[in-house]
Structures are given as C-alpha cells and as structure tokens.
Amino acid sequence: MPVVRTVSLDVARRTALAAQGFADPRPDAEPDRRHLRRVLSRLHVLQLDSVNVAVRAHYAPLFARLGAYDRELVDSAAWTHSARRPRMLVECWAHEASLVPVEDWPLLHSGAKPRGWWRHYGRIAESQPALVDDVLAVVKELGPAGAGTIERELSGPAPRTPGSWWERSDVKKVCEWLFGIGELTTGARRGFERLYDLSERVLPPEVLHRSVDARTAARELVDRAARAYGIATEPDLRDYYRLSPEVSRQAVADLVEAGALEPVRVETWPTPAYRHTAARTPRRMEGRALLCPFDPLVWERSRAERLFDFRYRIEIYVPEAKRVHGYYVFPFLLDGALVARVDLKADRAAGVLRVPGAFAESGVERGRVAAELAAELGVMASWLGLDGVSVGERGDLAVDLRRALT
C-alpha cells in the first residue's frame, strides 16, 4: 500500500488560497473579459442569490479577486450574445442556482447530478402535460419572458389555449421545473428577474447537443471542484456541484487511479484529503479581500473552519436579537488568514456603505487589520458608486475601524 503524504495545515491553506486565485495580483489595468475568463477558469461557478443588501452574490467573488471592475462585464458575459462576443456564462443548477461557463452545461445535465428541490414539481408536469406544452409555446413566442408574463398569458381572463385555465402557482412551478431539467434557461434578466428562454436559443448547438455519460461528467465535475479547491476532502468536492455521495466517491476513485488526485493527510483534519496534482503552493500569501457569504472559499462552512479556524454562519434567517455578528457578514481575508468579519449594507439612498458591526478574530494585530479593512471598504464603496463608509457601534473592531477611516 503506498504511503500517504502528510501536509501541514499551513500548506493546505496556501494551496487552497492559490487554487482560488488569491495568489494572483489584482490587475493594474481595468479588468476585462480576459480577467473574467481567468477567474472563471479557477472558480467554475458563480452562485446566484436574491439578497441585495450589499451587492449581488455573483458579482462579489470577482471583486474579491480583481478589485473594482465594471459589473457590466458579468452581465454581458451572462445575458447578452452577439457574433462578435459570444455568451460566456449560462444559468443552471450547479452548487445552487449559478452562472457556469457555457461549455459546462452538458456536464450538469448529464444525469451525474441529482435533481434539486424543483424535482417535486415534476408531479405537476406529469399530471398536466398540456400546461408544459403551453409554457414552452409562450416562451417560444415571447421569450425571453418572466414568470409573470407567462402567467398572464396562460391564466388571464382570456387564456391562450381555448378551454384551459392554469393556476398561477402551477405555471411558476412548471417554469422552475423546465429550468431545472434544462429545457429552459435564462435568456436575459430584468433587474434580478429571470427571463426564461428556450435553451436551444441561448446555447450554441455544439454545446446543447454534446452528449456526456453520467460517470464521465461526474469525473469532470469533481476534477473542476478539485482544481478550484486545490486540496479538499471528498465531501468538500462533492458539495461543490452538490453531487450524491456514491457518484462523488466513484469519481474521486477514478481521478486517483488516473493520477489527477493525490491522497494526502492534512494535519488536524479528521478525514482523508485529496490534492489536485495541478495545484501549487506559494511560499507566502499576501493581499486582502472581502468575501461574501456565497464565495466558494467559504461557502462550505465546515471547510472554512478546518482551513482557517473560522466558525462562520450566515444569520439572515436568525431573529435580529439573536444574531451574533449581523445580517450579511463578509469575512475579511488578509495575507492568507481570515482576520475579521464585517456586517455590510449598501445604503444607496444615503450614498454610504454602512458597517453596522465589525469584529476582529482573536490574536490579530488590530491596528493593521483595521487599516487594511478600511482601505478595502473604501474600494468597495467606490466600486458600488457610494460616497463613503459609515461604521456603527457593534463589534470589538468598530472603534479601530472608525479611527482608520478618519
């Protein structure tokens, strides 16, 4: 039996940060599609989320790695298309509802992934096939179209199909089911409203019709997850695209046999780990970044705790009086460590980035952390079109941060 190499937690941490792109310096010039493509080649997934208290989740990981950039860069890559500038990203279920590179679409619709929460709506589709046909017909005629538009066409006072009248809630559910199985995707967005279109009108034919068997697709997805993480446990890799345990374990075994993954032991980790053979480990980490709750570096909370000794929970659904750190908290990464966390809110009416709470991790040099955090918050405020930063009273770093800003 081959000897399994042991690596230190520090090495694992630097390997993981490099895999996520934090060893790369931010560009000196304004980021363009080349920079976007480089970040996507590392992350592979930008999670979507409806919360907009600070900034939409799919914009934040790019800011963490590139600094201030034009958010239209993402919008045009995901929701517009031309012969000169083909679509780079498409929406589908990956980690959660996500933007993924267009070429990854066949992998996520190969049967490798279990169907998500929307699978329960399949009962409506099976019992009302005419509703499915009507939804597809409306989208074909009107698309890109929002669920409300589709509902009005199908359940208004003069239904499109004579003799039919569909429940509005059923129309929405069928739209989600068709999105989940890949018959529909997002052709465009209006604000944050998803405008459905036929996948065949959004994706190039060579992508839409590429056939990948489930085992091959699972192997490719786990390989992407391993490249994105650098070093990870099998459950970490499984979670990246939300694969089932049996599918993920088989894919990991296949990649170990192929020499793409090396089994390793990370000191302090209770379970075996795997290092991607393409991963690199910088000698040191420098730089800073604000990480949104849905950043791939921290979205798997147990992994963040194992890597950084950083217990992190999102408290959106916790009653305000019971929140420890705040509603929408960003961990602060500085020189390879998570050193603080800040509750953030973009107050667009007042034109300021509000920091209701700021908290330091134990043992950090507060003066330097506050100075670096103040600088990064200033960059974020400017990026969001806000005039400044306002720090509240909560947290043991608030006074230092306020002083650093003034």
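**Stop 1: the largest pocket**

Select Ala97, Glu176, Arg189, Phe192 and Arg194: of the 16 residues that line the largest pocket, these lie nearest its centre. You are looking at a predicted model. The space in this pocket comes to about 360 Å³.

Next, colour α9 (168-181) and β6 (193-198). These are the elements that give two or more residues to the pocket lining. Which of the elements gives the most to this lining? It is α9, with four residues.

Now colour the lining by residue class. Eight of the lining residues are nonpolar, seven are charged and one is polar.

**Stop 2: the largest cavity**

Move on to Gln20, Gly21, Asp24, Arg38, Val39, Arg42, Arg65 and Leu66. Together they line the largest cavity. The count of cavities of 30 Å³ or more is one. About 50 Å³ of space lies inside the largest cavity.

The top contributor is α2, with three residues.

What classes of residue make up the lining of the largest cavity? Four are charged, two are polar and two are nonpolar.

**Stop 3: helix α1**

Keep Gly21 selected. This cavity-lining residue also follows α1, and its phi is positive, near 95°.

Step back into α1 itself, residues 9-19. Why is this helix described as largely enclosed by the rest of the structure? Nine of its eleven residues are buried, and buried here means under 20% relative accessible area.

Select the buried set to see them: Leu9, Ala12, Arg13, Arg14, Thr15, Ala16, Leu17, Ala18 and Ala19. Note that Arg13 and Arg14 are among the buried residues.

**Stop 4: where α12 meets α14**

Finish with two helices, α12 (residues 214-229) and α14 (residues 245-258). Their axes come within 9 Å and cross at roughly 75°. Are they roughly parallel or roughly perpendicular to each other? α12 and α14 are roughly perpendicular, because angles of 65 to 115 degrees are counted that way.

Show side chains on both helices. On α12, pick Arg215, Ala218, Arg219, Val222 and Asp223. On α14, pick Val247, Gln250, Ala251, Val252, Asp254 and Leu255. These two groups meet each other.

Colour this contact by class as well. The contact of α12 with α14 has six nonpolar, four charged and one polar residue. Gln250 is one of the residues on the α14 side.

Methods
Residues are numbered from 1 along each chain as its sequence is written. This is a predicted model: local features need pLDDT of at least 70, side-chain atom pairs count only at pLDDT 80 or more; totals for chains, interfaces and linings use all residues. Side-chain values use heavy atoms; hydrogens and water are left out. Buried means under 20% relative accessible area, exposed over 50%, partly exposed in between (1.4 Å probe, protein chains only). Axes are lines fitted to C-alpha atoms, for helices over the stretch in contact, and angles run from 0 to 180 degrees between N-to-C directions. Angles under 35 degrees count as roughly parallel, over 145 as roughly antiparallel, 65 to 115 as roughly perpendicular and the rest as oblique. Contact means heavy atoms within 4.5 Å. Ala, Val, Leu, Ile, Met, Phe, Trp, Tyr, Cys and Pro count as nonpolar, Asp, Glu, Lys and Arg as charged, and the others, Gly among them, as polar. On a 1 Å grid over the protein atoms alone, a cavity is a set of points where a 1.4 Å probe fits but cannot get out, and a pocket is an open set with protein on both sides within 12 Å along at least five of seven lines; lining residues have an atom within 4 Å of a point. Grid points are joined across faces, edges and corners, and a volume is the space filled by probe spheres set on the points.
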